[in-house]
Amino acid sequence: MLLREATPEERRLYYLEEWKASYLPDYITGSLTMREFAFDYNGEGPKDRYRNFVSLTQFEGHMVSSQPYAAYSSVAFYKEPQKRSGWLSAELVFDIDAKDLPVRSCNCRKGDVCEVCMGEAKEFVLSISDTLRDIFSLKDIKFVYSGRGYHIRVFDEEVLTLSSQERAELLDYVAGNVVPEKENLKGRYPELFIKKAIKILPLFTADVMKEFDQPAVRVHRVHRLLKYLPDVLEDIENGSFRKFREILSNKTYLSLLETIREVNAGMVDAKVTVDVKRILRLPGSLHSKVSMICTPVKNLESFDPFRDAVPRFVMER
Ligand SMILES: [Zn+2]
């Protein structure tokens, strides 16, 4: 499917004939008056900021009349959203963008996405939400297809007032942004890291490795690793990096673990998670750059953006 930019006429069609205020999820309508809204009218970025609405009708009128190129709302709740002051709390968010994934098994050029890398982004989203549920006992987790990736939005009471620093630490854990101590691979965090390593290692072709600044990683050793990969993965699954280390030199082994950490870190946009005043693309709005609808996702496993987030004007193109 061609992800091309929407024309002003297509935006008009979308906001007049397809979009409805009911496209907004409850977690936005329920807190409409406490959020900052921001709009981009021409593709140059959200320059109309600090917007606030006192009612859904007023908001609806603005969307229909301005037919924005892009619309955003704050993850934060404020006493005075029109001034961005009186910060009360903020959702915990994770932004996973398929176009920015550090390793992808497709042939997409930088900035492009396809069904393959969108699927890989979704896998990563699922693994993060599993960790949030299983290890941090968080329950109120929502997903949004953002246009070229996914947002995870968490509303549990205990995360809403976390500081930026606490959000950064939580992100390091759930993304796998710390190399576990090598002699101690039991425990929840190392197991999480291992699970991610198993997913990522098959994507480490020599070409991919060249992208990482790890001079100690010798390409012929990576080739050998890939040759024996099924054995290595089985070993890792049993909590041991022994075979992994036997095939690689000690230096390569450590560098490769560091590369896995780097890949993990690059899967999520940390700036978004730590910013407690961030604005995020508004669910229901049109992502005009790619002509897709930013869509709240009820069932992530069965969600297919190329079926479920396509505006009518694209189907009629
Ligand atoms: Zn792709």
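1. A helix here is a DSSP run of H or I with at least four residues, counted from the N terminus. Under that definition, Arg-188 is found in helix 7. The model under review is a predicted one, and the points below should be read accordingly.

2. Overall content and dimensions. The chain comprises 15 helices and twelve strands. Along the principal axes, its C-alpha atoms occupy a box of roughly 65 × 45 × 30 Å. The radius of gyration is 21 Å, which agrees with the value near 20 Å that a compact globule of 317 residues would have.

3. Burial and contact order. Of the 317 residues in the chain, 52% are buried. When contacts between residues at least 6 apart in sequence are considered, 66% of them join residues at least 24 apart.

4. Domain organisation. The assignment divides the chain into domain 1 (1-163 + 276-317) and domain 2 (188-267). The contact between them takes 15 residues from domain 1 and 13 residues from domain 2. A distance of 33 Å separates the C-alpha centres of domain 1 and domain 2.

5. The largest pocket. Its volume is about 700 Å³. The lining consists of 29 residues, and those closest to the centre of the pocket are Ser-127, Leu-192, Lys-195, Lys-196 and Lys-199. By class, this lining has 14 nonpolar, four polar and eleven charged residues.

6. Origin of that lining. At least two lining residues of the largest pocket are supplied by each of helix 4 (115-134), helix 7 (188-200) and helix 10 (229-237). In terms of domains, at least three residues of the lining come from each of domain 1 (1-163 + 276-317) and domain 2 (188-267).

7. The second largest pocket. Here the volume is about 420 Å³. Its lining has 15 residues, and Leu-101, Pro-102, Arg-104, Lys-110 and Glu-211 lie nearest the centre. The class composition of this lining is six nonpolar, two polar and seven charged residues. Domain 1 (1-163 + 276-317) and domain 2 (188-267) each provide at least three residues of the lining of the second largest pocket.

8. The surroundings of Arg-188. Which residues does Arg-188 touch, not counting residues up to four places away in sequence? They are Asp-134, Ile-135 and Tyr-173. Arg-188 and Thr-131 are 57 residues apart along the chain, and their C-alpha atoms are separated by 9.8 Å. Helix 7, in which Arg-188 is found, is also one of the helices that contribute to the lining of the largest pocket.

9. Is Ile-293 buried or exposed? Ile-293 counts as buried because its relative accessibility is 8%, and the cut-off for burial is under 20%. Leaving aside neighbours within four places in sequence, Ile-293 is in contact with Tyr-14, Glu-18, Tyr-145, Gly-284, Ser-285, Ala-309, Val-310 and Pro-311. Leu-282 is eleven residues from Ile-293 in sequence, with a C-alpha to C-alpha separation of 9.7 Å.

Notes. Residues numbered from 1 in each chain as written. Predicted model: local features only at pLDDT ≥ 70, side-chain atom pairs only at ≥ 80, totals over all residues. Heavy atoms only, no water. 1 Å grid on protein atoms, 1.4 Å probe; cavity = no way out; pocket = protein on both sides within 12 Å on 5 of 7 lines; lining within 4 Å. Points joined across faces, edges and corners; volume = space filled by probe spheres on them. Nonpolar A, V, L, I, M, F, W, Y, C, P; charged D, E, K, R; others polar. Domains from an automatic or database assignment. Rg over C-alpha atoms; globule rule 2.2 N^0.38 Å. Buried < 20%, exposed > 50% of the residue type's maximum accessible area, 1.4 Å probe, protein only. Contact = heavy atoms within 4.5 Å.
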